[in-house]
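Subject: Structure handover

Hi there,

Here is the structure I promised to pass on.

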Amino acid sequence: MSEPSSPPNSLDTEGKILLVDDDSALLEAVTDLLEVNKFHVVTAIDGETALSIMRDYIPDLIISDITMPGMDGYQFFDAVRQNSAWIPIPFIFLTARGQQTDIRTGYSLGADDYLVKPFEPEDLIVKVQARLKRVRDIQAATQNEVERMKHQLIAIFSHELRTPLTCIYGYANLLHEDHTTMDDRTMSQMLDEVAEGAERLVRLVENLMLLVRIDSGVVGMEVARYGMEVDLSVGLKRVVESFKPVAAMHNVVLDLQIDGELIVKGMKNYLENVMKNLVDNGIKFCKGGGHVQVTLKEQKGQAVLVVSDDGIGIAQVDHERIFERFEQVDRQELEQQGVGLGLTLAKDLLEYHGGSIEVKSKLGEGSTFTARLPLA
Ligand code: ADP
């Protein structure tokens, strides 16, 4: 077995290869072949040794024999794939047994390729190069996508922070300078604008904090451990009332219809967050005015919250992706507010409470979001 020398600079090598075989003559020959082709090679005589090497040396590709004393090639492959950080490393089986069953077992385990001994040196090099190229192409594509998302998120967040702040700052200055000469109606309108801007910022921060709490498992734990009986009708009245001024500013008629008391088990603040995000969207997407109908009723042992609007609607093709994080439809064209978190949070929060959400919508005709929760 060769000790991993200090890891090579990626510019000096075509790639780092871990070669595992109990046949020392083969190890030597294949190492020579790979090194001539500018690969950095570390060798091991069995699976256990290879695993211990991988604690310090993460190869770009693994070539392994199947029949070895102790941990064989299949077991070694299994152990490698159990470590999530090692899953992307391409794995090529190398064996003297060219039987179809061996090849099938290797592929069925998920190995990337297979070489039967004796093999042509060029075949090995071509396979190694092809596998490494594929990994690098995928890494480059992923990196590009990450960069694209990063830029998109920075643009969305700066816009979502700057717009309400500019509005609050602008109106606060006007009120400060002109309040003595201003009539009550104008002053009240300006204060409404300031309040809307501030609420937008508060909702953004609340949603971001909620996302972190969901990811860290806190929300799931809280709902399971501290969930209490909550009357949805009380929270919904409060939420709808709080949106009345914003709805009026946007010429949206906001109506509420409640069957009566509906008790579910859960966390009041999280359930109200779901309501807020749905009502907020309903108003937001009634561009230039419209009607948002909020209904809470009992149906087959479930509390059913329906938020329906006659706004811009959503094309069928987007019905699934709008529940994904940071996904928004035609953000640029619609000059829309928000960062694309409301629905994903609503879905997660409802699911933590044993509930669900669905959308029915047609472009240009409006949308209906239906959330269901089991009654306590
Ligand atoms: P945000 O509202 O912050 O963009 P959401 O996760 O709440 O994020 O919604 C994601 C996207 O789904 C929105 O950007 C919008 O494109 C679409 N959407 C949500 N609700 C509605 C609605 N009531 N009418 C039309 N489109 C909607």
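Does E145 count as buried, exposed or partly exposed? At 37% relative accessibility, E145 counts as partly exposed (buried means under 20% relative accessible area, exposed over 50%, partly exposed in between, with a 1.4 Å probe and protein chains only).

Before the rest, some background. This is a predicted model, where local features need pLDDT of at least 70 and side-chain atom pairs count only at pLDDT 80 or more, while totals for chains, interfaces and linings use all residues. Residues are numbered from 1 along each chain as its sequence is written, and side-chain values use heavy atoms, with hydrogens and water left out.

**Salt bridges**

Searching the whole structure gives 19 salt bridges (a side-chain nitrogen of Lys or Arg within 4 Å of a carboxyl oxygen of Asp or Glu). E145 is in one of them, with R148, at 2.9 Å from N to O. Both residues lie in helix α5, 3 residues apart, about one turn of the helix (helices are DSSP runs of H or I, at least four residues, and strands are runs of E, at least two, numbered from the N terminus). R148 is partly exposed too, with a relative accessible area of 44%.

K127 and D113 also pair, at 3.1 Å. K127 lies in helix α5 and D113 in strand β5 (residues 113-116), so this bridge ties together parts that are 14 residues apart in sequence. D113 is buried at 9% relative accessibility, whereas K127 is partly exposed at 24%. Elsewhere, D21, D65 and K117 are linked in a salt-bridge network.

**Domains 2 and 3**

The protein is divided into domain 1 (15-119), domain 2 (147-215) and domain 3 (226-374); the bounds come from an automatic or database domain assignment. The C-alpha centres of domains 2 and 3 lie 21 Å apart. In this interface, 21 residues of domain 2 are in contact with 23 residues of domain 3 (contact means heavy atoms within 4.5 Å). There are 3 salt bridges between the two domains. K276 forms a salt bridge with E206, with the closest N and O atoms 3.9 Å apart.

**L341**

L341 sits in the loop between α10 (331-334) and α11 (342-352), and is buried, with a relative accessible area of 1%. Leaving aside residues up to four places away in sequence, L341 touches N207, L208, L211 and F326. Its C-alpha atom is 9.9 Å from that of L210, 131 residues away along the chain.

Best wishes
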